[in-house]
Structure formats: structure tokens, C-alpha cells
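This report is meant for someone opening the model for the first time. It moves from the core to the contact between the chains, then to the domains and some local backbone features.

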There are 2 protein chains.
Amino acid sequence: MSARLIDPHLISARQDRLRSQLEQAPFDSVLTLSAANFDYATGYRSVSATVHGISPLAALVSADELLVIGPVADSAPGFDAGLNPDDYLAYGRFYFESDNGSARASQLVDEHADYAQALAAAVTRLQLQHGRIGIDERACPMPLRHQLAELLPLVQFVDASDWLAGVRAIKLPGEVALLEQSARIVESAILAGIAAAGVGVTEAEIARVVTSAMVTADTEPRFVVVTSGPRSALADAYATNRALQPGDLLRFDVGGMYEGYWSDLGRTAVIGEPSAKQKSFYEAILVAEQAQFDMARPGVLAQDLFTRAVDVVEASGGPRPYRRQHCGHGIGLEVYESPIIRPDSPTPLEAGMTFCFETPYYELGWGGMMVEDTLVVTENGIRLLSDRGRDLTVVAA
Amino acid sequence: MSARLIDPHLISARQDRLRSQLEQAPFDSVLTLSAANFDYATGYRSVSATVHGISPLAALVSADELLVIGPVADSAPGFDAGLNPDDYLAYGRFYFESDNGSARASQLVDEHADYAQALAAAVTRLQLQHGRIGIDERACPMPLRHQLAELLPLVQFVDASDWLAGVRAIKLPGEVALLEQSARIVESAILAGIAAAGVGVTEAEIARVVTSAMVTADTEPRFVVVTSGPRSALADAYATNRALQPGDLLRFDVGGMYEGYWSDLGRTAVIGEPSAKQKSFYEAILVAEQAQFDMARPGVLAQDLFTRAVDVVEASGGPRPYRRQHCGHGIGLEVYESPIIRPDSPTPLEAGMTFCFETPYYELGWGGMMVEDTLVVTENGIRLLSDRGRDLTVVAA
């Protein structure tokens, strides 16, 4: 009945991967704090984390145990979603009543005084008080980190932020499938937005079409950048009531979350026949994105993909110089995951990594354009997870 | 053309309030870091803050100056939205090109190396290196705080988190109008969800109706809790594919943001004629919410409103004991603002404060119900900003 939407087999597979990596890690167990790392380890996403902006839940994962530490308020919905009540350590005050007081969630009020106390209890229960524990310190507020040091003076905490990013970087087939669904939903949403475009239509009206298509497909919209004319040069900007005019570029950069997995796609249209500059510049950024696709495979360095993209834009009639800080990024349970396709990233691609490649161009006073797609690295190349509408779409003026 | 959606007069009015409060503050200027405090001071909301989860912008406000510190990437969209280019101190690397290089946003690459350096430059520009500066420390990451202490050794930083919350607690008329719009949009969205309900319809289908209505009205959905039958007892839980059955309670708890201002409303329906217990318990929580409305006025203490709500639930045929950690909270640019309607909050209400009052009840195995509304405290009472569908709506089974 509780209809956990994400496949339980995928959750198990992620836990298996986490544990197999743990065998070679410089710590015996790992404590995940960030919303993305916690989701990876458990499959549970907290509504209250969305409301309050920081994730109040942690998972303590060892070779054969998985404890969840969270607020009382997340106990009942967590159990409904598949978390094990016997392995849930609760903190804080929230009242779930139950008929005869038998439901475990109704017995948890004030079980532990606060987050740190509950975390310490979990460590104690697994007898790790003298152990080495990996922790994603980048997601750990300083007060909490200080409390943990006081409550668990003999634990050696090791920053596992990069290690966890590495575990999550290689996607399982089920994750790739969700990332493709996430990308395809946004791809369709943008195409619906382009279909609604025309002279006199406003950015905001088009953004509503895109956003509606996303939520209808159970995708949480996170950024819906629909910019036109000179505003298309503004990079990350909200849609306004500006009405489209003949000659305008219409640039989309849209992302959201489907079952926890992010999308981030870019498309460009033009209202009426494109000018020579619009046409040649777009052709250059499209060819450059394609050059990244053609080059990407296991072993290729992120920085070499960056250089290739810049070189091809400049050599193909695009803007010169073509200046960018990056031409792509990993994507998964976070919108920007390592590696980033930057000039200074020596990280080699591996099969199972998922990326967004992009070659945007922003010229103030003139306009902006982009094409951004999602892909997975395969054994001998890549497979695109989005590919429709990549050309400069001409909207009848 | 740039169609800043929020009224520039409201931004000025908020700045005026901030400065008038600053005259009595124990510091001469204030540095706002949190997304909500930054929005209050400037009216600008960053898309990239949404993407990356933490706000990368700050405002330094003195009696007669307002400087904005932000990434290069936010410069062009920020100027388009009304920020003053001459008062923007940029950090980091992002490339906006411009025809002749004349656009200010194209000249900002690497103006300052990082956030802390740009903040220090702003303090120096206002000659505050020996001053007392308020800062919302709760929104300040520790590494940034350490950098500021090093770069500005003679500045006396004072935690202004509570002070800023106090400034924002009393809403201006324009803010109340936006909060009412935000509440009314969600109210209509929930009513549309109830209209779509019936035996066999799933929670997820109803959630899609609610969410679509929100995005169509330019509201960013943040939590759309649609739970039914036993799941209605789960408090903050996501909608699932559970289909409605005769006798089910159907509980909505929905919030989002309209122009930065939050909504948070609760409604309950029942599929078919309610049972005696459903009817009497709902009547009790509704009467208790009404008792809070009747009692609320300037000078009344938050804790007395809490006690009143609990007493009335118990005295009106509702659950006994009725146990809650709070029965309401302030609302504005954040979903939970102080004061919270808690048993231990001696804060008196003031005219211009805006609240959500709520009296939810969650019984595992049976169900959950709630009624939550938004209101503004007036000179001699309150005015409701939501009031439709507060009864237990009966959906034909």
C-alpha cells in the first residue's frame, strides 16, 4: 500500500555498492549526513528536509548494519517508506498517537535529546566508540561536529565527503534509468515550451508551460530559466513578462528532481529566421558539444574534454575567444557532481559516470544560447540520455 | 522590460524599515547572508542559490549605503532585476561577453578572489574596518566566518540573527498582500485537489492537481503532502499511489513560495459520510483553531495561544490528551519564522505579525486531520488571509 516509488532493488544495489567500496576504505563504517548521501544509503527522502533546508537525517553504515538517525517526525513516514523501525534512532519531540500505544513511532518522543545524542547512541550501539568512522564533513554543521567530538572522544572521524562522491560517481543501471527518465521529462517539457512560443508570448507564459509539464510528470521543478532576446544573455535568470519579438533568441536552462535524480538541460530556439551570427554561433556550440560526445570514453581526462570543447567552438566559426569556467559536470542525486569538466581537472572518465555536457555562450546586449545534454559513459564511448531538439529550433515569427 | 515582478516600492519600504530599526541597533551596519535576509534587503532572488542550496549573496546595509556582494554569475541577472551595478562587488569566475566590453558584468571576472575577500572589500569601501557590524551568524558557514575574522581583525561582529528576524517579523502592508496571494493560491490549489478526489483516485493524482494549480499561478511548490486513510496519520509524507477508499480521511498540508513569500495551509476531507469520531475530532480541532483566532491580538503571548488551543481541543470532544509541540508559527520569507506558538514562548504578538495557526492530530492506524490557516495580527485582533474550505469537506463516495 505504501507504494514506495523507487525500486527497492535499486536501494539494495546502492547499499551493496556502498559496502563493497567500504571494504577498501580507510575507515570501517561511514556516517552519511547530506540529503543526497542519506538518500543514496536509504532511499528515504524527508519532506521536512525540503521545508527546513537542511537534512535532519543520517545513516550509519557498517559492513553488516545500517542504522538511521532522524527526528521523531520522520519516523512514521520513514517506516511507511520502508525504513526498519528497529534500526531507527529518534530525537526531538513530535507526537504520533496510536490506538493502544503499540506503534513504534508513537513511543519515540524524546528518545534522544538531540541529533548529536542520537548519533552517539548509534555509534555506541554498533560498538564503534573506538573506531574510525568516515563522515561527510562538508555537510556537517560546526556545532554538530563539536558535539560529536565531545560525546565520542575516542572515535577517529575521517572526512569521507570525496569518498562518498566517488562511490556515487559510478552509477548503477537503475540509477542511469532514473536519470534518463528525469532528463526525458525535462526534454519534453522544454519542447512543449518551444511549441508554445511565438511573437507576443511572454517568457513567464512559456515557463509556466515547462513547469506544468514537469510537475505533471512527478518532477519537482528547481530552476526554470526561460530567457529571451537580450535577456537570454543573463545566464541564470528568472523568466519575466517580456514578450517575444521577431529575431529573439529564446534560451532554456531547466532542471528538477525525479525520484531524487536531477535533470539539467539546455535548449535554444529563435523567433523567425536566425541571423547569420545566430546561426553560425549556434552551429559552433553544437559542433563543440558533439565533439565532446565523440571524444568521451573511459580514460579520457575531464580537462581534455574542456579544452576540446573550447577549441572546437573557436575553430568552427563561434565566438573567439570562447571563454568558459567549465563545459559540463557530473549529475546524479546532486545537480553538480564531480568530476566537473574544467581546465584543471585531471580526473579520468569511467564507465557508469553520468554527465551534462554544455557549451553556453552569453553576450550582453546581443543574447545567449546553449545546448546541454545528459549522457552516461559506456565501456567504449557514451550513450545520450537526451537528444531531441538539439538543433536551433526556428519558431515561426 | 526586465519586469521585476516584485513592486520596487515594497523593496524600498523594506529597506526603510531595516534602516529605521538600525538606528536603535547595537551596531552601525548589518551584513545579511541568509537567502531570506538578503531578499528582504535587496528584492533579488538568485537562481543559482536555488540550484546550489546555499545563498552566495550578501548585502551590507548602513544608514545611507547598500552594497551587494555576490558571484560574477549573479551580476548580469541581478542588474537586470534592479541591483545597482556600481554597488555590486563580485567574486569568482564567470564570463559574460559584451560587444565592446562596456557592460559592467563583463568586466567583473575575478574582481575578488572569493566571497570573503569581496565581503572584506565591501566593509573597507564603507570604512567600517573598525566598526561594529551585525551579521546573521546562523547563516554563516564556519570557514567563511574564520576568513572574515582574519581579513577584518578590528571589526567587531555581533550576531544579528535574532535582530533580523525581529525586523522581518512585523510585516509591511505590501508583504501582507503577497502573503495573502501566496495563501490564496495554495487554498485554491487544495480545493482543486479536493474537487478531483473520489473513490479509486490516488494520492499522487490529487497531488498532481494541487501542484499544477500552484505552478500555473507562479508559485514554486515546496511541499505537497496529500495523504489518505491510515497514511493521513504520517504527518510530513509524500503522496503515493494509494487509491482512496470510502471512509478515508484525506489530509492536505501544502506550501510553496510566491515572490519569495511562503504559504503553508492544511485542509482535511473525508470520502463519504464521516464516522462519529472523524466528525467530533475534526469539530474539536476546528473550534480550537477558531479559539486561537478569537484570542489573538497585540499583547497576547504566543504560549497562551498554545495553551488555549490544547485546552479547547480537549474540552470540545477532541482527543484527550491532545499533545503537540506547537500550534502555529510565524510565516514570511521563511516558512517557519519566530515567534512559534509553543508552550515556552513568552513573546507577545504585535500588529503586523503574520502567522499560521494549526491544530493537527495524527493517530497511527486510524488517520490524521488538520486545519491550518494564515493570518495577520491587526490593531485589535486578526484578519484571516485564508478561510475557504475550513470545514471537513465530504467527498461523495
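## Core, interface and local features

The largest nonpolar core has 254 residues, and the members that touch the most others are Val210(A), Ile285(A) and Val210(B). A nonpolar core here is a set of buried Ala, Val, Leu, Ile, Met, Phe, Trp, Tyr and Cys residues joined through C-beta atoms within 7 Å. A residue is called buried if 20 or more other C-beta atoms lie within 10 Å of its own, exposed if 12 or fewer do, and partly exposed in between, with C-beta atoms placed from the backbone. In soluble globular proteins, nonpolar side chains tend to be buried together.

The structure is a predicted model, in which local features need pLDDT of at least 70 and side-chain atom pairs count only at pLDDT 80 or more, while totals for chains, interfaces and linings use all residues. Residues are numbered from 1 along each chain as its sequence is written, and chains are lettered from A and ligands numbered from 1 in the order in which they are written.

Two residues are in contact if their C-beta atoms, placed from the backbone, lie within 7 Å. By that rule, and leaving aside neighbours within four places in sequence, Val210(B) is in contact with Ala189(B), Ile190(B), Ala192(B), Gly193(B), Val224(B), Val226(B) and Val254(B).

Between the chains, 52 residues of chain A are in contact with 52 residues of chain B. On the side of chain A that touches chain B, at least two residues come from each of α3 (47-52), α4 (75-80), β5 (97-98), α9 (203-216), β8 (220-228) and β14 (361-364) of chain A. Helices (H or I, at least four residues) and strands (E, at least two) are DSSP runs, numbered from the N terminus. The largest share of that side, five residues, is supplied by α9(A). By class, the side of chain A that touches chain B has 27 nonpolar, 13 polar and 12 charged residues; Ala, Val, Leu, Ile, Met, Phe, Trp, Tyr, Cys and Pro count as nonpolar, Asp, Glu, Lys and Arg as charged, and the others, Gly among them, as polar.

How are the two copies related? A rotation of 180° with 0.0 Å of shift along its axis superposes chain A on chain B, with an RMSD of 0.0 Å. That is the relation of a two-fold axis. The superposition is by least squares on the C-alpha atoms of residues with pLDDT of at least 70 in both copies. Of the residues of chain A, Ser212(A) comes closest to the rotation axis, with its C-alpha at 2.9 Å. Because 100% of the interface residues of chain A are also interface residues in chain B, the copies meet through the same surface.

Two strands pair if DSSP finds at least two bridges between them, and β14(A) pairs with β5 (residues 97-98) of chain B in the parallel sense over two bridges. In β5(B), Glu97(B) is the bridge partner of Glu363(A), and Ser98(B) is the bridge partner of Leu364(A).

Within chain A, the domain assignment gives domain 1 (8-169) and domain 2 (173-395), with bounds that come from an automatic or database domain assignment. The C-alpha centres of these two domains of chain A lie 35 Å apart. Nine residues of domain 1 of chain A are in contact with nine residues of domain 2 of chain A. On the domain 1 side of this contact, α1 (8-22), α2 (35-42) and α7 (161-169) of chain A are the elements that give two or more residues. That side has six nonpolar, no polar and three charged residues.

Most residues other than glycine have a negative phi, and most peptide bonds are trans.

| Residue | Phi | Location |
|---|---|---|
| Asp110(B) | about 60° | loop between β5 and α5 (115-125) of chain B |

Glu259(A) counts as buried, with 20 C-beta neighbours inside 10 Å, whereas Asp110(B), with 11 C-beta neighbours inside 10 Å, counts as exposed. Cis peptide bonds join Ser338(A) to Pro339(A), with omega about 0°, and Arg320(B) to Pro321(B), with omega about -5°. Pro339(A) lies in strand β12 (residues 337-340) of chain A, while Pro321(B) is in the loop between α11 (302-315) and β11 (328-330) of chain B.
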